[in-house]
Amino acid sequence: MGNQNFYHYQTEGSQWIYNVLRNKMKILFYSGDTDGAVPTYGTRQWIKQNNWPIVTPWRAWIVDGQVAGFVEEYDGMTFATVHGVGHMAPQWKKKEVNKMITHWIADVPF
């Protein structure tokens, strides 16, 4: 039967697809900053490993006068965090995620 734990081990997840899609389509990757399953820190590390030039440096984005998260734009992808939520950001921060996605689609800073 082999090692039963092997099923849970994956070195790269879906990271490979971002290099394939880069500059072929617009990419938004977002992460809840309290996500224990897919931590923001790990995501930032693999993005850094891509060595994509930073177009717009790390900055806060605001909703209703409050920090809703942080965003950094790379040549080929926008990475954003949603503050105070985990994996289910659209469910728990509807207003913030709606602003993030609609502004991103319209090429308006959020």
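Analyst: Happy to. Helices (H or I, at least four residues) and strands (E, at least two) are DSSP runs, numbered from the N terminus. With that in hand, Asp107 lies in the segment after α4 (94–105). Its phi is near 60°, a positive value in a residue other than glycine. As background, most residues other than glycine have a negative phi.

Before going on, a word on the model: it is predicted, so local features need pLDDT of at least 70 and side-chain atom pairs count only at pLDDT 80 or more, while totals for chains, interfaces and linings use all residues. Residues are numbered from 1 along each chain as its sequence is written, and side-chain values use heavy atoms, with hydrogens and water left out.

Back to Asp107: this residue is exposed, with a relative accessible area of 63%. Here exposed means over 50% relative accessible area, buried under 20%, and partly exposed in between (1.4 Å probe, protein chains only).

Asn23 also has a positive phi, near 65°, and is a residue other than glycine. Asn23 is found in the loop between α1 (16–21) and β1 (28–32). Asn23 is exposed as well, at a relative accessible area of 54%.

To place both sites in the fold, follow the sequence: the pattern runs α-β-α-β-β-β-α-α, made of four helices and four strands. Of the protein's 110 residues, 32% count as buried.
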